[in-house]
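Let's take a walk through this structure together, stopping at a few residues along the way. Have a look at it first.

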Amino acid sequence: MSSKPRLYSGMQPSAESLQIGNYIGALLNWKALQQTHDAYFSIVDLHAITVAQDPALLRENTRRTAAQYIAAGIDPSASTLYVQSHVPAHAQLAWVLNTITGFGEASRMTQFKDKSARQGTDATTVGLFAYPTLMAADILLYDTQIVPVGEDQRQHVELTRDLAERFNSRFGPTFTVPEVSIVRDTAKIYDLQNPAAKMSKSAESHAGVIWVLDEPSVTAKKIMRAVTDADGGVVFDRENKPGVSNLLTIYSVMAERSVQSLEDEYAGRGYGDLKKGLVEVVAGTFGPIRERVQELLGDPAELERLLAHNAERAASVADVTLARAYAGVGLLPRTSQ
């Protein structure tokens with residue numbers, strides 16, 4: 001095992017393009033963490049099928065998500081970047097963890113309660129119910145020490161910790177108990193048209209969503225039409241000026257500048273100038289990423305070869321953990337002929 005602390009994180013291939021919140025909230029963080037951690041990053045396609053999907057679109061979105069990881073700076077040689085379903089141990093360990101997970105504790109998971117309440121019982125699948133135990137398997141397979149997640153995933157990581165400790169107590173030392181690392185909300189990105197709501201791939205309207213792979217003209221139009229206010233002052237005030245504050249947050253992260261320096265630069269100037277400046281910064285960042293994505297997607301065989309190679313690396317670690325878990329619960333090992 002590497003001397004660096006082991007880290008695991010993943011993202012669903014649920015859209016053709018990542019949005020700017022994914023880039024700022026996850027990819028920029030991962031890009032830095034891969035230098036200081038033994039990092040495993042996964043495109044979690046098994047999680048994506050807990051809701052209805054178009055098979056051909058899922059396959060294409062998986063390729064596109066992987067390409068965007070790489071184009072945004074995730075180095076497949078510095079980290080282990082792979083597709084979740086390419087490592088069968090994820091599903092295999094999830095079943096074992098299902099058998100030690102209480103129905104009541106699974107039912108209390110906030111995301112399941114929210115989604116099942118919206119969808120209704122008949123439209124809610126067992127897969128969605130078991131989503132947290134699959135996520136626990138994702139994490140525990142790699143002796144993960146650190147799990148960087150948003151606050152909305154804290155409960156799932158806490159369940160992972162509980163399951164690891166429960167398994168270790170019943171069957172002997174098997175899993176590393178991971179620590180949750182919450183990605184702070186200082187760079188939370190909100191919808192351009194509804195700055196009270198977090199920007200999301202699943203937003204009802206995409207008018208307020210900045211997609212990484214959008215044409216520059218489309219992105220520019222969305223930014224120029226972003227909701228602000230009638231005050232006119234370029235000042236960060238999340239409570240009273242949420243729209244302007246959101247634009248300043250995006251600008252600050254993308255340009256690697258302090259919000260204060262932006263307030264100073266645009267003092268006495270209109271929101272139009274702020275938006276034009278942000279358009280240039282976003283275009284300058286996402287332009288090279290879009291070009292690199294197109295290169296990667298232009299040679300799908302090479303992209304899939306790279307993902308397959310990394311899946312082998314991931315499996316070499318995951319299979320060892322799975323064997324420990326299988327032995328712990330008493331499953332008979334298959335002997336070679």
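Leaving aside its neighbours within four places in sequence, which residues is K4 in contact with? They are Q34, Q35, T36, H37, D38 and Q145, where contact means heavy atoms within 4.5 Å. Before going on, note that this is a predicted model, in which local features need pLDDT of at least 70, side-chain atom pairs count only at pLDDT 80 or more, and totals for chains, interfaces and linings use all residues. Residues are numbered from 1 along each chain as its sequence is written, and side-chain values use heavy atoms, with hydrogens and water left out.

K4 sits in the segment before β1 (6-11). Its side chain reaches the backbone oxygen of Q35 at 3.2 Å. K4 counts as partly exposed because its relative accessible area is 35%; buried means under 20%, exposed over 50%, and partly exposed in between (1.4 Å probe, protein chains only).

Now hop over to K275, in helix α13 (residues 271-297). This lysine is buried yet has no salt bridge, meaning a side-chain nitrogen of Lys or Arg within 4 Å of a carboxyl oxygen of Asp or Glu. The nearest side chain of opposite charge, D229, is 9.6 Å away; Lys and Arg count as positive, Asp and Glu as negative, while His and the chain ends are not counted. What the side chain of K275 does reach is the backbone oxygen of A226, at 2.8 Å. Not counting residues up to four places away in sequence, K275 touches I223, M224, R225, A226, T228 and L247.

Last stop: F171, in helix α9 (residues 154-171). With 31% relative accessibility, F171 is partly exposed.

Definitions and conventions: Helices (H or I, at least four residues) and strands (E, at least two) are DSSP runs, numbered from the N terminus. A polar contact is a pair of N or O atoms within 3.5 Å; within protein, one must be able to donate a hydrogen and the other to accept it, and residues adjacent in sequence count only if both atoms are side-chain atoms.
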